[in-house]
Amino acid sequence: MISSQRQHLILSRLRTRGAVRITALSKELEVSAMTIRRDIAELADKGLLKRVHGGAVSTSALLSEPLFSVKSQMDIGLKDAIAKEAVKYVSPGEVIAIGGGTTAYIFAQHLLESQQASGITILTNSIPVAELVQAMESKDVEVIVTGGVITRSNSLVGPIADKVVASLRVNTVFLGTHSVSLPRGFLMPNSLEAATDMAMMEIADRTIILTDHTKWSSTSLSLFASLDQVDMIITDDGLAPDLTAKTRELVKELVLTHQQDSGSDSKTARERE
């Protein structure tokens with residue numbers, strides 16, 4: 001199969017799926033991963049797609065919120081390492097809030113499998129997180145769902161959600177983000193989702209952002225927090241050294257996780273302002 005044919009198929013898969021992974025395309029098209037990387041690089045240079053860790057997303061995903069099912073396929077290893085590290089910042093019996101997005105969802109998975117989840121209460125505007133707690137049928141974990149309008153990322157947002165959130169108080173809120181802009185802060189494509197994230201931060205004693213390094217190269221529309229408004233960012237060590245240094249100057253605490261082979265523990269490096 002010649003290069004143009006492969007690239008046509010890659011774009012076709014992007015139109016239907018919204019995102020593709022190099023490993024899956026390599027098997028599907030019966031070529032090496034290096035060949036797929038070259039095709040993706042050429043298409044990215046033409047502005048026809050956006051390269052991300054392990055694959056690509058369609059250019060339309062840059063300013064619009066991808067479906068939860070699409071995002072859940074991307075950067076799984078990075079999100080997993082970040083999520084495992086975040087569990088360390090929950091204590092049994094606490095009241096926490098978990099926002100929308102796939103990294104927050106993976107965090108909830110690891111949290112509910114840990115001893116840290118003993119006696120906790122979770123406030124969430126994420127339908128997948130609420131369903132996860134319900135499926136466990138654990139009497140030791142209570143979940144409060146905000147209600148509201150459903151977004152493409154299966155988050156509940158809007159005035160109803162914001163009103164419920166404003167009536168409560170939590171120890172820590174764990175939020176994902178669509179993009180990180182230096183020195184502006186954290187952004188989402190949906191202004192209502194950004195407003196609900198802001199509402200969650202208002203009721204929290206501590207705010208922790210969970211995001212992989214690819215979000216520093218993304219763009220979005222609605223700012224929900226500046227860097228000095230959050231207490232901690234947990235990301236991976238794939239973040240470029242210059243961006244790591246600039247972020248460290250602007251945020252109270254930066255935690256870098258290291259993705260290792262399956263079955264290995266992740267290492268972290270903490271950097272404080």
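The largest nonpolar core of this predicted model has 27 residues. Such a core is a set of buried Ala, Val, Leu, Ile, Met, Phe, Trp, Tyr and Cys residues joined through side-chain atoms within 4.5 Å, where buried means under 20% relative accessible area with a 1.4 Å probe, protein chains only. Ile-98, Phe-107, Leu-111, Ile-122, Phe-174, Leu-210 and Ile-234 have the most contacts inside this core. Two or more residues each come from helices H5 (76-87), H6 (102-112) and H7 (127-136) and from strands S4 (95-98), S12 (204-210) and S14 (232-236); helices (H or I, at least four residues) and strands (E, at least two) are DSSP runs, numbered from the N terminus. H6 gives the most, with six residues.

Now have a look at Phe-107. Leaving aside residues up to four places away in sequence, Phe-107 touches Ala-83, Ala-86, Val-87, Val-90, Ile-98, Phe-174 and Leu-210, with contact meaning heavy atoms within 4.5 Å. Apart from this core lies another, of 26 residues, including Ile-209, Ile-233, Leu-239 and Leu-254.

Next, the helix pair. The axes of H2 (residues 22-29) and H3 (residues 33-45) come within 9 Å and cross at roughly 110°, which means that H2 is roughly perpendicular to H3 (a term for angles of 65 to 115 degrees). Ile-22, Leu-25, Ser-26 and Leu-29 of H2 meet Ala-33, Ile-36, Arg-37 and Ile-40 of H3.

A note on reading all this: residues are numbered from 1 along each chain as its sequence is written, and side-chain values use heavy atoms, without hydrogens and water. As the model is predicted, local features need pLDDT of at least 70 and side-chain atom pairs count only at pLDDT 80 or more, while totals for chains, interfaces and linings use all residues.

Conventions: Axes fitted to C-alpha atoms, helices over the stretch in contact; angles between N-to-C directions. Parallel < 35°, antiparallel > 145°, perpendicular 65-115°, else oblique. Buried < 20%, exposed > 50% of the residue type's maximum accessible area, 1.4 Å probe, protein only.
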